[in-house]
Amino acid sequence: RIIITNDSGPMHLAAYLGSKTLVLSRCANILEWLPPGTKAISSPSAPKGYRPIPDYWTDHILDEWPSPEEVKARYDDWV
């Protein structure tokens, strides 16, 4: 019924195929890349400008992603 993914290739493919797509964003300003027909949940720590955070290209584990409760609430609102 809905695809939940991060800002990635599968996000773009799901949107292209017309699937309901809920995007979790932490590394980049999702508003720059959000395809039509998708909805996004951004971390308060997500950057607002064009450049992704520097740790995007590292092996560091990023914290401060949207919480499972936020994702569930957005899912419930949409489905």
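1. A residue counts as buried when its relative accessible area is under 20%, as exposed when that area is over 50%, and as partly exposed in between. The structure discussed here is a predicted model, and the points below apply these classes to it.

2. Ala15 has a relative accessible area of 15% and is therefore buried. This residue is found in helix H1, which covers residues 9-16. The C-alpha atom of Ala15 is separated by 22 Å from that of Ala46, a residue 31 positions away along the chain. For the chain as a whole, buried residues account for 35% of the 79 residues.

3. On the overall fold, the secondary structure consists of two helices and three strands. Their order along the sequence is β-α-β-β-α. The radius of gyration is 12 Å, close to the 12 Å that the globule rule gives for 79 residues, so the chain is as compact as a globular protein of that length. Taken along the principal axes, the box filled by the C-alpha atoms is roughly 35 × 25 × 20 Å.

4. On charge pairing, side chains of opposite charge can pair when their charged atoms come close. The structure holds one salt bridge. Its partners are the side chains of Lys72 and Asp76, with an N to O distance of 2.8 Å. Both Lys72 and Asp76 belong to helix H2 (residues 68-78), where they lie four residues apart, about one turn of the helix. Asp76 has a relative accessible area of 40%, which means that it is partly exposed.

5. On the surface charge, a patch of positive charge is formed by Arg1, Lys20, Lys39 and Arg74. Of these, Lys39 is placed in strand S3, which spans residues 38-42. The relative accessibility of Lys39 is 35%, so this residue counts as partly exposed.

6. On backbone geometry, which residue has a positive phi although it is not a glycine? The residue is Glu64, with a phi of about 65°. Glu64 is located in the loop between S3 and H2. With 45% relative accessibility, Glu64 counts as partly exposed.

Definitions and conventions
Residues numbered from 1 in each chain as written. Predicted model: local features only at pLDDT ≥ 70, side-chain atom pairs only at ≥ 80, totals over all residues. Heavy atoms only, no water. Patch = residues over 30% accessible without salt bridge, like charges linked within 9 Å, V, L, I, M, F, W, Y side chains within 5 Å. Areas by Shrake-Rupley, 256 points an atom, 1.4 Å probe, with all protein chains shown as cover. Salt bridge = Lys/Arg side-chain N within 4 Å of Asp/Glu carboxyl O. Lys, Arg positive; Asp, Glu negative; His and termini not counted. Charge placed at Lys NZ, Arg CZ, Asp CG, Glu CD. Buried < 20%, exposed > 50% of the residue type's maximum accessible area, 1.4 Å probe, protein only. Rg over C-alpha atoms; globule rule 2.2 N^0.38 Å.
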